[in-house]
Structures are given as C-alpha cells and as structure tokens.
Amino acid sequence: MRTCRAAAAGKFTVVLATLMLLAACGSSGPSPRAWAASVCSALTPWRAEISKLTNSTDQQMTAQTTPAQAKENLVRLFGGAEQASETARRKVEQAGVPEVEHGEDISAGFRASLASMRDAYGRARSTIDGLGTGEASAFYDGVQAAVETLQQEYDASALDTSRLDSEELKRAFDEVPECR
C-alpha cells in the first residue's frame, strides 16, 4: 500500500513539475522573427487561394453561362474565399502574440483584418445566393453590386505590414524567407 502511495506521489510531483515548467515556458510569445515567419506562412497560401478565386470569379463574370450556373459557381467561389480567410485567421491566431511592445494589439489587428475579409466574402456569398436567376440582367446587376461592395469592404480591411508599430516586426517581415 505504501509503495502505491509513494509511486502516485512521485508521479504527481513529476506531473506538477512538468506543468510548472510548461507554464513558465508559455508565458512569453514568439520572437518577432518567429511570429513573422508564422504569419507569412499563414498568409502565403491564403493570398494564392484568393488570387486563384479572383481569377475564377473574373472568368465566371465573362463566361457564357446561365444565371443559375453563374450563381452556383460564384457562391462556391466566394464560399472558398470565406473559408480560406478563416483558415488564415486561425493560423495567425495560432502563431500567438509576438514578443514586442503592443504585440497583443498587432496580433489582434491581423486577426481582425482577416476576420473582416472573411465576413466580406461571406456577405458576398450570401447576397449572390439570395439573388433570383429568372431575369438575367437583374441577376448580373445584383452580382455586380455584390462584387463592388465586396471590393470596398476588402479594401477597407486590407493587411498593411508597412504600418506595423514595431520596428522589430517590420525588420522581421523584411528579413524572414517566408515573407519574400
């Protein structure tokens, strides 16, 4: 009986020491270079996907399709952009908070920007999904209005790494290979 208690106490001590060590290690965020590399690693595939989806949307707007076909394709395209933006936002969130002055604000700004873009794509998807396809000109007018609104919302929430408040992060974004 005593051996079981001693073994349990020993295991508890090891677990407690491990948790304390992890808590101490987890108290600081990633270095500016590590954070910039993580953010760029999240944004590179997102940018590629958005570019691909933008090209597909442009092709869809000029293709000879029925309004119903165009609607289906555009809803799928904007849904893909919405999902890609959310994936990038989650990856930036997982990157943590950089160990720089105002790191929390900077990280929150990146996440908010991606969330705004995600929401803009979602609104465009919902708007187009709600359009009737019976009258082609009315449908395409609605699509044009949705795309113009999307562009305005997208521009208003664009990421701008040149306006970072941290010289360390500006330097890191310029230097890490993931951001080139």
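At what angle do helix α3 (residues 67–94) and helix α4 (residues 103–129) pack, and how far apart are their axes? The angle is about 165 degrees and the axes are 8 Å apart. Here is a short tour of the chain around that pairing, starting with how to read the values. This is a predicted model, in which local features need pLDDT of at least 70 and side-chain atom pairs count only at pLDDT 80 or more, while totals for chains, interfaces and linings use all residues. Residues are numbered from 1 along each chain as its sequence is written, and side-chain values use heavy atoms, with hydrogens and water left out.

**Overall make-up**

- The chain has six helices and zero strands, and its elements run α-α-α-α-α-α from the N terminus on.
- Helices (H or I, at least four residues) and strands (E, at least two) are DSSP runs, numbered from the N terminus.
- Of the 180 residues in the chain, 33% are buried; buried means under 20% relative accessible area, exposed over 50% and partly exposed in between, with a 1.4 Å probe and protein chains only.
- Among contacts (heavy atoms within 4.5 Å) with a separation of 6 or more, 77% come from residues 24 or more positions apart.

**Helix packing**

- Axes are lines fitted to C-alpha atoms, for helices over the stretch in contact, and angles run from 0 to 180 degrees between N-to-C directions.
- With their angle of about 165 degrees, α3 and α4 are therefore roughly antiparallel to each other; angles over 145 degrees count as roughly antiparallel, under 35 as roughly parallel, 65 to 115 as roughly perpendicular and the rest as oblique.
- The crossing of α3 and α4 is left-handed, meaning that the near helix is turned anticlockwise from the far one by less than a right angle, whereas clockwise would be right-handed.
- The contact of α3 with α4 involves 13 nonpolar, three polar and nine charged residues. Ala, Val, Leu, Ile, Met, Phe, Trp, Tyr, Cys and Pro count as nonpolar, Asp, Glu, Lys and Arg as charged, and the others, Gly among them, as polar.
- Helix α2 (residues 32–62) packs against α3 at about 170 degrees, with the axes 9 Å apart, so α2 and α3 are roughly antiparallel as well.
- In the contact of α2 with α3 there are 15 nonpolar, seven polar and two charged residues.

**Aromatic pairs**

- The structure holds six aromatic pairs: rings of Phe, Tyr and Trp (its six-membered ring) pair if their centres lie within 6.5 Å, with planes under 30 degrees apart counted as stacked, over 60 as edge-to-face and the rest as tilted.
- Y121 and Y154 make an edge-to-face pair, 5.8 Å centre to centre with 70 degrees between the planes.
- This pair links distant parts of the chain, with Y121 in helix α4 and Y154 in helix α5 (residues 136–156), 33 residues apart.
- Y121 is buried, at a relative accessible area of 5%.
- W35, F110 and F173 are joined into a cluster by ring pairs.

**Residues to look up**

- H102, in the loop between α3 and α4, has a positive phi of about 65 degrees although it is not a glycine; H102 is partly exposed at 44% relative accessibility.
- N73 sits in helix α3 and is buried, with a relative accessible area of 17%.
- From N73 to T57 is 8.3 Å, C-alpha to C-alpha, for a sequence separation of 16 residues.
- A34, in helix α2, is partly exposed at 36%.
- A34 and V176 are 142 residues apart along the chain, yet their C-alpha atoms are separated by 8.5 Å.
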